[in-house]
Amino acid sequence: MSRLIVISNRVSTPKPRSSGGAQGGLAVALAAALRESRGLWFGWSGETAEEFTGQINMQRVDGVTTATVDLEEQDVDEYYNGYANRTLWPLFHYRIDLAEYDRSFGSGYERVNQRFAETVAPLIEPDDLVWVHDYHLVPLGQQLRRRGLKNRIGFFLHIPWPPQRLMVSLPFHERLVRSMLDYDLIGLQTEEWLESFHHYVTRELGGTVEPDGTIEIDGRRVKTGAFPIGIDPEEFRAALATDEARQAYDTLKRSAEHRKMIIGVDRLDYSKGLAERFHGYRRFLEEHPDWSGRVSFLQIAPPSRGEVHTYAHIREDLDQLSGRINGAFAHVDWVPIRYVNQGYPRAGLAGFYRASDIGLVTPLRDGMNLVAKEYVAAQDPDDPGVLILSRFAGAAHQLGEALLVNPYSKDELSDAIHAALSMERTERIRRWEKLIEAVNRDDVGSWLRGFVEVLRGERTHAPAEPAIPETA
Ligand SMILES: O=P(O)(O)OC[C@H]1O[C@H](O[C@H]2O[C@H](CO)[C@@H](O)[C@H](O)[C@H]2O)[C@H](O)[C@@H](O)[C@@H]1O
Ligand SMILES: O=c1ccn([C@@H]2O[C@H](COP(=O)(O)OP(=O)(O)O)[C@@H](O)[C@H]2O)c(=O)[nH]1
């Protein structure tokens with residue numbers, strides 16, 4: 001079997017199983033594939049050095065080899081904080097109003113992609129299968145080809161692909177997309193993003209798309225497909241069975257004092273629709289005063305990408321917004337919103353999800369959203385909670401039995417919260433059974449196998465995606 005080489009901006013260094021170290025499903029699944037193929041995971045260490053030396057820090061933990069490099073501060077500013085998170089992230093989440101372009105971001109991005117390529121290329125053997133991840137590394141395949149690599153190289157984008165009319169607002173967009181033609185396979189999360197990508201390729205590059213998703217441009221053929229990422233439901237249920245999860249469950253239940261609990265868990269990111277969610281909850285409190293003191297909303301929002309100014313601003317906005325809502329509606333013995341700017345380990349989150357009657361997952365745009373799937377996996381089959389899910393999250397394509405909402409509409413959010421709080425147990429069970437079936441079916445293992453089999457040429461194209469229902 002050929003070795004798998006995974007390349008991504010961040011590398012999740014495995015924690016020894018003996019230490020009981022918790023990791024996300026993605027890291028666990030990739031680690032399993034890397035272990036099986038005796039492969040390698042390469043990326044940025046998350047650290048900076050005064051000068052880029054290309055010195056690789058190799059580690060081998062539980063049969064998984066990781067190789068990381070430090071970047072210069074200027075690299076981090078221009079590549080990670082700059083082009084990746086100030087240019088591509090907002091644009092790809094349809095926020096051209098927030099997208100910034102600076103020539104230095106573009107050159108920093110190219111420089112880091114070149115540095116990654118020159119550092120990792122000597123570690124790659126002729127039979128290896130190379131899998132590049134995400135918007136930080138779009139041109140990496142091209143850089144590897146320039147260094148003579150003939151291997152099969154695949155690329156998976158974890159975030160949405162924007163409509164062609166937005167994509168063209170990116171300076172030098174054609175150059176970026178043409179660099180992708182050096183991959184053998186390009187994967188997106190859903191058919192919707194895949195369609196946008198195909199649309200761009202046909203309209204802007206004059207390419208053609210064959211029925212199996214292969215694109216052809218100037219004699220070059222690249223396979224494309226939708227591969228929805230998932231969680232590892234078994235691993236998540238195991239997290240739920242730990243003492244840490246039980247403690248988290250008890251703490252939240254005790255603090256709720258028989259009130260209904262609503263939970264949101266998101267990185268502090270404008271794409272997650274947190275302000276709109278708070279406004280929707282406020283609308284619910286205004287429209288349903290009978291629920292005053294009988295429901296509590298816990299929003300967990302760990303800070304993210306704090307060096308990017310748009311992220312610092314949302315933090316200030318949400319502090320004010322939650323304060324205003326609590327000021328307007330709280331009683332001496334009840335606050336409507338508990339807003340926590342801190343991250344929790346997954347086992348703790350599993351307990352919090354289980355203790356909550358509603359999972360409120362309302363991003364304005366999201367490649368997938370694994371929190372939605374984790375919330376479903378954590379529920380009690382005999383008395384499950386209700387998932388309220390944005391129709392603009394990739395996860396809505398698989399989780400059509402959630403209450404699907406337009407996250408921009410306060411009214412829809414308010415109505416959905418009311419419907420969820422009033423939903424009969426039989427209806428909650430009926431919906432949850434469909435949801436858990438989808439979570440189990442489209443799990444992280446089938447995502448990984450699906451992509452790798454097509455990249456290896458063992459399968460011709462991605463499995464078909466079930467149609468998204470028109471109504472919730
Ligand atoms: O590495 P950070 O800058 O701290 O950001 C965290 C990750 O955010 C993005 O996640 C995406 O991937 C998820 C899994 O496929 C998906 O469910 C979610 O919708 C996406 O937003 C980003 O794409 C990752 O590279 C980051 O590591
Ligand atoms: O305090 C927290 C908040 C989030 N997460 C995890 O971070 C991931 C978030 O993934 P998602 O796809 O929902 O969004 P992203 O942050 O990747 O855009 C999920 O696995 C969460 O369980 C976590 O471990 N602790």
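Helices α8 and α12 are roughly perpendicular to each other, a label given to angles of 65 to 115 degrees, whereas angles under 35 degrees count as roughly parallel, over 145 as roughly antiparallel and the rest as oblique. The two helices, α8 and α12, pack at an angle of about 85° with their axes 8 Å apart. Axes here are lines fitted to C-alpha atoms, for helices over the stretch in contact, and angles run from 0 to 180 degrees between N-to-C directions. On the α8 side the contact is made by Phe236, Ala239 and Leu240, and on the α12 side by Arg346, Ala347, Ala350 and Arg354. Two residues are in contact if their C-beta atoms, placed from the backbone, lie within 7 Å. The contact of α8 with α12 has five nonpolar, no polar and two charged residues; Ala, Val, Leu, Ile, Met, Phe, Trp, Tyr, Cys and Pro count as nonpolar, Asp, Glu, Lys and Arg as charged, and the others, Gly among them, as polar.

The model is predicted: local features need pLDDT of at least 70, side-chain atom pairs count only at pLDDT 80 or more, and totals for chains, interfaces and linings use all residues. Residues are numbered from 1 along each chain as its sequence is written, while chains are lettered from A and ligands numbered from 1 in the order in which they are written.

**Overall form**

The protein has 16 helices and 16 strands. Helices (H or I, at least four residues) and strands (E, at least two) are DSSP runs, numbered from the N terminus. For 472 residues, a compact globule would have a radius of gyration near 23 Å, and the 22 Å of the protein agrees with this; the radius is taken over C-alpha atoms, and the globule rule is 2.2 Å times the number of residues to the power 0.38. The C-alpha trace spans about 70 × 50 × 50 Å along its principal axes. Of the contacts with a separation of 6 or more, 77% are between residues 24 or more positions apart. Buried residues make up 49% of the 472 residues. A residue is buried if 20 or more other C-beta atoms lie within 10 Å of its own, exposed if 12 or fewer, and partly exposed in between, with C-beta atoms placed from the backbone.

**Helix α10 and its partners**

Helix α10 (residues 274-287) and helix α11 (residues 309-329) have axes that come within 10 Å and cross at roughly 10°. That makes α10 roughly parallel to α11. From α10, the contact uses Leu274, Ala275, Phe278, Arg282 and Leu285; from α11, it uses Ile314, Asp317, Leu318, Leu321, Ser322, Ile325 and Phe329. By class these are nine nonpolar, one polar and two charged residues.

With helix α14 (residues 410-422), α10 packs at an angle of about 60°, the axes being 8 Å apart. This crossing of α10 and α14 is right-handed; a crossing is right-handed if the near helix is turned clockwise from the far one by less than a right angle, and left-handed if anticlockwise. Among the α10 residues in this contact are Arg277, Tyr281 and Phe284, and among those of α14 are Lys410, Leu413 and Ile417. The contact of α10 with α14 has four nonpolar, four polar and five charged residues.

**Helix α13**

Helix α13 (residues 370-377) is mostly covered, with eight of its eight residues buried. Among the buried residues are Lys373 and Glu374. Their cover includes α8 (233-240), α12 (346-354), α15 (425-441) and the strands β11 (260-265), β14 (358-361) and β15 (386-390).

**Single residues**

| Residue | C-beta neighbours within 10 Å | Class |
|---|---|---|
| Tyr249 | 20 | buried |
| Glu100 | 15 | partly exposed |
| Asp62 | 13 | partly exposed |

Tyr249 is found in helix α9 (residues 243-256). Not counting residues up to four places away in sequence, Tyr249 touches Gly351, Arg354 and Ala355.

Glu100 lies in the loop between α2 (73-92) and α3 (103-120), and leaving aside neighbours within four places in sequence, Glu100 is in contact with Arg86 and Thr87.

Asp62, in the loop between β3 (57-61) and β4 (64-72), has a positive phi of about 50° although it is not a glycine. His258, in the loop between α9 and β11, is not a glycine either, and its phi is positive at about 70°.
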